[in-house]
Amino acid sequence: MQRQRFYNLLTVALLLAVTGGGLLYTQLAASAYIQRIVVGLGISIILVVSLNLSNGFTGVFSLGHVGFMAIGAYTAAILTLPLSLKRVNLPDLPGWLAEVQLSFLPATLIGAVLATIVALLIGISLMRLSGPYVAVATLGFLVIVQVVLVNWASMTRGSRTFSGVPSFTTLWWVWGWAILTVYAIWRLVNSSYGRRMMAIRDNEIAAQSLGISVVRSRIIAFCVSAFFTAVAGSLWAHFILSFSPKAFYFVETFSIITMLVLGGSGSVSGSIVGAVFITVLSEVLRNAERGISIASIHIPPMYGASQILVAIVFIVVIIFWPKGLLGDREIPFNRLWSRLLPPKNEKQGFKKEIPF
Amino acid sequence: MTSVQFFIQQAINAVSIGSLYALMAIGLAMVFGILRLINFAHGDLIMVGSYAALLLLWAGLPFWLAALAGIAASTIAGLIMERIAYRPIRGAPDVAMLLTSFAVTILLENAAILIFNPTAKPFPAPAILKNALQFGPLRIASLDIVAIVVAIALLVLLTLFVTRTEVGISMRAASEDLLAARLVGINVNAVIAYAFAIGSMLAGVVGLLWSIRVGKIDPFMGFYPVLKAFVASVIGGLGSLPGAVLGGYILGILEILLQGLLPASLTPFRDGFVFAGLIILLLFRPNGILGSTEREKI
Amino acid sequence: MLRFENVHVYYGQVHALKGITGEVNEGELVAVLGSNGAGKSTTLMSVSGILKTRTGKIIYEETDLTQASPYDIVKLGVIQCPEGRHIFGGLTVRENLLMGAVQRRDRSEVKKDIDWVCSLFPVLEERAGQTGATLSGGEQQMLAIGRSLMARPRLLMLDEPSLGLAPVVVQTIFDVISKLHQQGVTILLVEQNARKALQIADRCYLMETGNMVMGGTVEELRDNPEIERFYLGGQAQ
């Protein structure tokens, strides 16, 4: 076990070093275009890893998570919008709100907490449902959010663009949150809670017979994942600086799900791999298609060939690698370490390396 | 106009829309029953059929011919979809199939954007279908009458099909228990093809009626109908054909009711209320109205 | 008629059948015994083509079944009545029986066969218009067997027909199985109820965790201590 912990420490150190180094390089030496992509990638990672907690690890197949992203984005943006702009763009805001202007972190947290509360409320009705029903019900949630965003014009400017959001999101904010998210979800998944969730996912009835509260575990996963998804929404809002309800709908949902499926639902490192892969692929395709560089990740649904190609990639992956690139395994760093630094006292009994 | 007349008009409206939802939902239910596949791309069959019809209309063909061609196009598209995208993943977890249908949707919608460009195109329908008939004090859109009559005819035919023909009974059998169906020697590939063909044909019919009603078509026109069809299916119980019909009409009635009863400030939120209602329904009946209320037993 | 040659079947990674070899001759009633997880159902599912054989062969009257589809296998007359009955609950008794004959070409004979099946199981006649789900366990088993018979099987495979049924009902069913055997139907019977199976079988095989551990005629096995252990260890009398 000592060896395990040592290896884990090495893995964490390595990842932090690589990430930190990469970010530093990006900050200092990379072009603005690359920087934007890296920011977008960080946001995508948060989204995919959070979604994985619900879909992959707990088996609650949510199609409505982008709704939480919207809640996070709009809430935080409304809170951080400078007062002057509030008067101009949101003249009908209720009095107390019109006088509030918060900084980035509090606004983001409030948005995330709000999303979590919403998740709790709808979670209560949804968590007893089985597969396809959950999917349709969560899709219903997405539509409800859309309808509310489009029609609650006093708060959201309705279907018009919500602009003037202060540009708070930096490389470090995004990746700081990303690391936090990955860490939190990793810990959750590898705790007894996590094992319960996976038990439920694999065989609900058996899990129940063991006394595991299915509903409670699912709600916890759902709420935690909603929290981080909303954080990502806020990060995105303060990155893209202007958006409308259309940005939080079907296309975005599919985009995130593609990353999830590609990487492997049920694997945290898989989610990251999937996010990287699709981000890179989309950029390459988009450039090939247009010739101009457009650096945002979540773009409005009017574009052609690149989407078709991504859809085809998706179908091919599902047919041939239905469990995604990593399936439900994680990247086996430990095997790497044990090869590079073989244990000094070779105890034969310790052959079985748990890939972690 | 008296309130009775208003009520009747709205009732006809509700039944007409409900008919469209019911026909769509049946297509979904057929496929879901056998394959456990939630076919999002079902909505795009509407789009394919409508564009096909439009092309023929542009070419100068008479409307009835274009309409038939549109329905045929939907049917063929559905069969192709099944063969290429869904058969290779048969037996995959439900989730994978659902996601693949997403991918197919995106594929079809973007293909339509590339070919036709995203702006809506007007759908020229003959005048008789667009005007209203006067029955005494009542004014009823002829399209509503057509929709209701067509729906009833199709439903009757469908009922005969699933209860009297061998293929129809096989379809019900496959829906109940796919393993047993294979062991009994039902040609499951053929049955699935039938399910897709019939469902897609119904989608084509709905597409035409929808296009005439709305007056224009665009690449995303299938999204809301398929969503409504899902809601209808879920209301009635996924996989159940009578459930789909029931759900469709309930949804139609619910929409018209809400439209009438909601205060003016809230009417834009109507769809939100419908979905909220769905979520509440699922709280009490996790498997829909006609689905079992019991949890799965071992 | 049916021959297994070193058949290996896998469920994903799990090695479910580890080199099964055996045979069923025409007109015989061969029982396959073994406790849960022995691989008995897996064996039948492999014959029916639902599960793929990884290595080895399953030969039926000169035809290699290992690559054939379930549809083709049924057309050859190899019919399985699966464990747990698997009747079509939403369909009527009559519709269930019709489905049993779905791949037959000679439609005119089907009506006669329905009458024949009802003569074997009179209760099905009574319940002809009821849906399968409303039948009792025993009636469902009879319906399942009847449905299999509608296909005019040349080789009939029954998977645990006595499962979960009251002794009286089990007796009725086994009487019918015995009668079919006497009429010349070749039967492969998988059972946990070894006593009942040995009463009517010609030969039997014993399976344990994917292996065929012994086989022989009923006379040979009756005095075998393994079977005694199996009686005492496996089930309550």
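You're looking at a predicted model, where local features need pLDDT of at least 70, side-chain atom pairs count only at pLDDT 80 or more, and totals for chains, interfaces and linings use all residues. Residues are numbered from 1 along each chain as its sequence is written, while chains are lettered from A and ligands numbered from 1 in the order in which they are written.

**Stop 1: a helix in chain B**

Now widen the selection to residues 142-164 of chain B, which is all of H6(B). Helices here are DSSP runs of H or I with at least four residues, strands are runs of E with at least two, and both are numbered from the N terminus. H6(B) has 23 residues and reaches 33 Å from its first C-alpha to its last, close to the 33 Å expected at 1.5 Å a residue. That expected span is 1.5 Å times one less than the number of residues.

**Stop 2: over to chain A**

Show chain A next. You'll find 16 helices and 0 strands. Of its 356 residues, 47% count as buried. Among contacts in chain A with a separation of 6 or more, 82% are between residues 24 or more positions apart; a contact means that two C-beta atoms, placed from the backbone, lie within 7 Å.

Select residues 214-240 of chain A to pick out helix H12. Its 27 residues should span 39 Å at 1.5 Å a residue, and the end C-alpha atoms are 38 Å apart, which agrees. Is H12(A) largely enclosed or largely open? 23 of its 27 residues are buried, so it is largely enclosed by the rest of the structure. Step just past the end of H12(A) and click Leu241(A), which takes a positive phi of about 70 degrees.

**Stop 3: where the chains meet**

Which of the 2 pairs of touching chains has the most contacts? That's chains A and B. Here 34 residues of chain A are in contact with 39 residues of chain B. On the chain A side, helix H6 (104-126), helix H7 (131-151), helix H13 (250-263) and helix H15 (305-320) each supply at least two residues. H7(A) gives the most, with 12 residues. Colour the chain A side by class and you get 27 nonpolar, 6 polar and 1 charged. For this colouring, Ala, Val, Leu, Ile, Met, Phe, Trp, Tyr, Cys and Pro count as nonpolar, Asp, Glu, Lys and Arg as charged, and the others, Gly among them, as polar.

Now look at chains B and C: the contact takes 21 residues from chain C and 15 residues from chain B. Helix H2 (70-75) and helix H3 (93-100) of chain C are the elements that give two or more residues to the chain C side. That side divides into 11 nonpolar, 7 polar and 3 charged residues. As for chains A and C, no contact joins them, and their closest C-alpha atoms lie 14 Å apart.

**Stop 4: chain C and its domains**

Hide the other chains. Chain C has 10 helices and 10 strands, and 43% of its 237 residues count as buried. Its C-alpha atoms fill a box of roughly 45 × 40 × 35 Å, taken along the principal axes.

Where they touch, 22 residues of domain 1 of chain C are in contact with 16 residues of domain 2 of chain C. The largest share of the domain 1 side, 5 residues, comes from E7(C).

**Last stop: Asp64(C)**

Finish by clicking Asp64(C), in strand E5 (residues 63-64) of chain C. Is Asp64(C) buried or exposed? It's exposed, with 12 other C-beta atoms within 10 Å. Leaving aside residues up to four places away in sequence, Asp64(C) touches Lys57(C) and Ile59(C). Draw a line from Asp64(C) to Arg3(C): they are 61 residues apart in sequence and 9.6 Å apart in space, C-alpha to C-alpha.

Methods. A residue is buried if 20 or more other C-beta atoms lie within 10 Å of its own, exposed if 12 or fewer, and partly exposed in between; C-beta atoms are placed from the backbone.
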